[in-house]
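Dear colleague,

I am passing on the structure we discussed, together with some notes on what was found in it. Please look through the model first and then read the notes beside it.

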Amino acid sequence: MRRIALAAAAAALALPAAASNEAELKALREEVAQMKKAYESRIDSLEQRLAAAEAAPQKSQSPQDGAARAAATAGGFNPEVSVILQGQYRRMKDVPERSITGYWPAGGHDHGGHGHGGDERGFSLDHSELVVSANVNPYFRGLLNVALKDGEAEVEEAYFQTLGLGRGFTLKGGRFLSGIGYINEQHPHAWDFADAPLMMKALFGEHYGQDGLQLKWVAPTDLFMEFGAEIGRGARFPGTDRNQNGVGATSLFAHVGGDVGRSHAWRAGLSWLTTRAREREAHFEDTDAAGPNEVEGQFTGRSRTLIADFVWKWAPDGNPQRRNLKLQAELFRRSEHGDLACASDVGTSPCSGGVGLGRLRSAQTGGYAQAVWQFMPQWRVGYRYDWLNSGSKRYDPATVFAALDPANAYFTSHRPNRHSLMVDWSQDEFSRLRLQFARDRSMQGVTDNQVTLQYIMSLGAHGAHKF
Amino acid sequence: MKRFLIVLLALLALPAQAALEVFATGPEWAALAREIGGERVNAWSATHGLQDVHRIEARPSLIARARRADLVIATGAELEIGWLPVVLRESGNAAIQPGKAGYFEAAAHVRMLDVPKTVDRIHGDVHAAGNPHFVTDARVYLKVGEALAARLAALDAAHAAAYQAGYRAFAEKWRSALARWEAQAKSLRGVPVAVQHDAFVYLEDWLGLKRVATLEPKPGVEPGAAYLQEVLVRLAAEPARMVLRPAYQHDAPSRWIAERAKLPVVTLPLTVGGTAEAKDLFTLFDDTLARLLSALTLKN
């Protein structure tokens, strides 16, 4: 505007004969000078207002030259969306009804026998994860994680989380992976091996999810200290859905962590989960004189799990990009006590119509320890050892084995173990290819040498991972 | 005068307050907070000068620090996207969540360069908001400092005047330093350089350096031997005077090129602590200029 006015004035000045009058010229010059002055003062005041606006703290978050330019459209409100593609080729023995000897099969759990890194031989597509998350408003954030596979869409996580509770508190509500242990909160794409640790499979079917509430508190200390409590429906293995009003599962956990120098960081934790099962099912064979039948074993009682976890990471000078080492171990102890029963529709079966088999108490332990070493950019190797102890079980053999075959895997004492060796290559944090060898001795009498070739690709706005 | 009285009253009304806890994502922001706030801020940096701020883990120690922070100073423009959102969320500290007064992003006060027209990971680790390495342009600290002083004043209203005075003192020193650096850098204008990572876009813009080659094929992607060979061919056609490398990056690619193209490698501190000489914001740029100028005097 100012420029146009000046140009017009200049053009007017440049006009020859017409404006030759000295007085007219002077008047014109004065007018131009006044205009200039007026515009200058207006620009000055605009500049002052701009400076004031920039200095005001609330305003400075508003889009300026910087970050938020692209978000000016309604599309800017779209949540962060990411998709994780996973698939594999697996070579392993053909074992019907794979289970872990000595452990109650987690078959009642949603994941059944075909969880992530499942039991399919040959080429297979793993669950594809769809993750959508966004801030709901200044007080809440929401996240949805759906695992998709042929004909099924399983809601892995769907929760809200508070942002504004303050004083170190965070409340989470909905369905979420429980904060117990270390690996339990990680989705399969974040695992360092192609499958879950054996003990996680044995205890939770893969991981333990809660439908309920989680309250976490971070202490205001130099040492990282975090305490959490969860209450939930408790429908997942090792519990069962009990159609009740109260709390079905309770867990407590505590984590501590910190740095040692510039290159080391660690975290350790202790967690406890208690839940109840009613007529939790598993397949057993009975002692029918007419030939064994497949009958349903049922456990009704309390199940408690104790987990100790530890993670140590080394990255020279705090730069993990070129070389780093990650040590990780978890110890588990599960104790259950309640009543055993069996049921069958077959008339000749000793379980016919449902028969109580007395008290059952069990205490089982196990764990895993792993090391993953990135020896050069993009390349990592890792070794994991899994060990389980089917532990002690107390029941009345006379009653139980009158109905159930003592050869059933659950009653067998066995110490399952597995060695896994992996090497993976990641172009960047969005793609990973992995080759894994495992010698799996989780079933008595079977040594299964497994080879897995796996890919993990993540598309879109992939959020940051936890430690 | 009225404002002064209000400040005075506020000072009298409040008991001696503890220093503001500042969680900075980089040493440069901790240093800037100290320049402005002096004793009134307890500034701590989540990273040090030899760390790649793109790739930091959301370590427990960072969450513990963020838990107690009154103010988070971040670079923004997605530089810290791989870890800061997790640290903030996990901290349970409501005051420092994005959008709150306790969260300050420097990028909001900077004219961004290299804003991509299309955002697609086929182009590597691109940032939708533009190149986030603006701290290599010393002029940036004036604008960011001014906004930071206003934010500190808003958070700690009792000492608002002190923060404003702190900023004015800093700005005065900084302006004279800027004049000194710009005078020193006259001979750098138009000098062709190769860079290992596009971390110097703003430095080039400020000092008039001319970037003729980037050793990374895409941002954040380490170059392979074949790509470096291509760069070498390009450098033969359009020679550079030096290779610039951020101090936190591995030196192999720049050394490889430098040996073959007979160029000096200049290791530049991107932030305070990047080199032994870069002890604060002033020595950071003293050292940057000294390193650039000494490479210029070397014969090719």
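**Helix packing in chain B**

Helices α5(B) and α6(B) are roughly antiparallel to each other, a label that is given to angles over 145 degrees, whereas those under 35 count as roughly parallel, 65 to 115 as roughly perpendicular and the rest as oblique. The axes of α5 (residues 140-155) and α6 (residues 160-184) of chain B come within 8 Å and cross at roughly 170°; axes here are lines fitted to C-alpha atoms, for helices over the stretch in contact, and angles run from 0 to 180 degrees between N-to-C directions. Helices (H or I, at least four residues) and strands (E, at least two) are DSSP runs, numbered from the N terminus. The contact (heavy atoms within 4.5 Å) includes Tyr141(B), Leu142(B) and Gly145(B) of α5(B), and Tyr167(B), Phe170(B) and Trp174(B) of α6(B). By class, this contact of α5(B) with α6(B) has 13 nonpolar, two polar and two charged residues, where Ala, Val, Leu, Ile, Met, Phe, Trp, Tyr, Cys and Pro count as nonpolar, Asp, Glu, Lys and Arg as charged, and the others, Gly among them, as polar.

Please keep in mind that this is a predicted model, in which local features need pLDDT of at least 70 and side-chain atom pairs count only at pLDDT 80 or more, while totals for chains, interfaces and linings use all residues. Residues are numbered from 1 along each chain as its sequence is written, chains are lettered from A and ligands numbered from 1 in the order in which they are written, and side-chain values use heavy atoms, with hydrogens and water left out.

Helices α3 (residues 60-67) and α4 (residues 84-91) of chain B pack at an angle of about 55° with their axes 8 Å apart, and they are therefore oblique to each other. Among the residues that make this contact are Leu62(B) and Ile63(B) of α3(B) and Val87(B) and Glu90(B) of α4(B).

**Between the chains**

Glu90(B) also meets Lys216(A) in a salt bridge (2.8 Å, N to O), that is, a side-chain nitrogen of Lys or Arg within 4 Å of a carboxyl oxygen of Asp or Glu. Across the interface of chain B and chain A, seven salt bridges are found, and 46 residues of chain B are in contact with 55 residues of chain A.

**A loop in chain A**

Phe237(A) and Pro238(A) are joined by a cis peptide bond, with omega about 10°, and Pro238(A) lies in the loop between β8 (224-232) and β9 (249-260) of chain A.
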